[in-house]
Amino acid sequence: MSASALIARFGKPVTLTRFSAGTYSDGNFIDGSSTTSSIIMSCQPLNGRELLYLPEGQRTRQYLKAYTASEVRTTSQETSAKADQITYNGKQYEVQQVE
């Protein structure tokens, strides 16, 4: 069974919020508009070893690793777009890393 088939079988719908490029006006950054869509994602808590790889000040926050066949984006310095946000179980998470 392929990875995308496993995600489709065991994943759950989550809300993806994507932001367009922001702009600067009089030295202030103005966020771009946002769009939302539903994608299928399998979200998992980090294990103990993965938590140890986080910087010390970050270990008290809640992180998830997630698997999806959909495209998700991190912050883009080239376009000034904010990272995608995922709403899972009523909480919002920001995409930090994509592999």
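I will begin with the largest pocket, which has a volume of about 1,100 Å³. Keep in mind throughout that this is a predicted model. The lining of that pocket counts 26 residues, and those nearest its centre are L64, K65, A66, Q96 and Q97.

Five strands make up an open sheet in the order β5-β4-β1-β6-β7, and the pairing is antiparallel. At the edges sit β5, residues 64-67, and β7, each of which pairs on one side only. From one strand to the next the twist averages 45°.

Take the pairs in turn. β1 and β4 run antiparallel and are joined by eight bridges. Within that pairing, V14 has I39 in β4 as its bridge partner. Further along the sheet, β6 pairs with β7, residues 91-94, in the antiparallel sense over four bridges. The β6 and β7 strands form a hairpin with two residues between them, and N89 in the turn has a positive phi of about 50°.

Next, what is packed against the sheet residues? The largest nonpolar core has 10 residues: V14, L16, I39, M41, C43, V72, I86, Y88, Y93 and V95. Two or more of these residues come from each of β1 (12-19), β4 (34-45) and β6 (85-88). The biggest share is from β4, which gives three residues.

Beyond its neighbours within four places in sequence, V14 is in contact with S37, S38, I39, M41, I86, T87 and Y88. Among those contacts, I39 is also its bridge partner in β4, and I39, M41, I86 and Y88 are listed with V14 in the core.

Last, T17, which is in strand β1. Is T17 buried or exposed? T17 counts as buried because its relative accessible area is 9%, and the cut-off for buried is under 20%. Leaving out residues up to four places away in sequence, T17 touches S34, T35, T36, D84 and Q85.

Technical notes: Residues numbered from 1 in each chain as written. Predicted model: local features only at pLDDT ≥ 70, side-chain atom pairs only at ≥ 80, totals over all residues. Heavy atoms only, no water. Core = buried A, V, L, I, M, F, W, Y, C linked by side-chain atoms within 4.5 Å. Buried < 20%, exposed > 50% of the residue type's maximum accessible area, 1.4 Å probe, protein only. Contact = heavy atoms within 4.5 Å. Pairing = 2+ DSSP bridges. Axes fitted to C-alpha atoms, helices over the stretch in contact; angles between N-to-C directions. 1 Å grid on protein atoms, 1.4 Å probe; cavity = no way out; pocket = protein on both sides within 12 Å on 5 of 7 lines; lining within 4 Å. Points joined across faces, edges and corners; volume = space filled by probe spheres on them.
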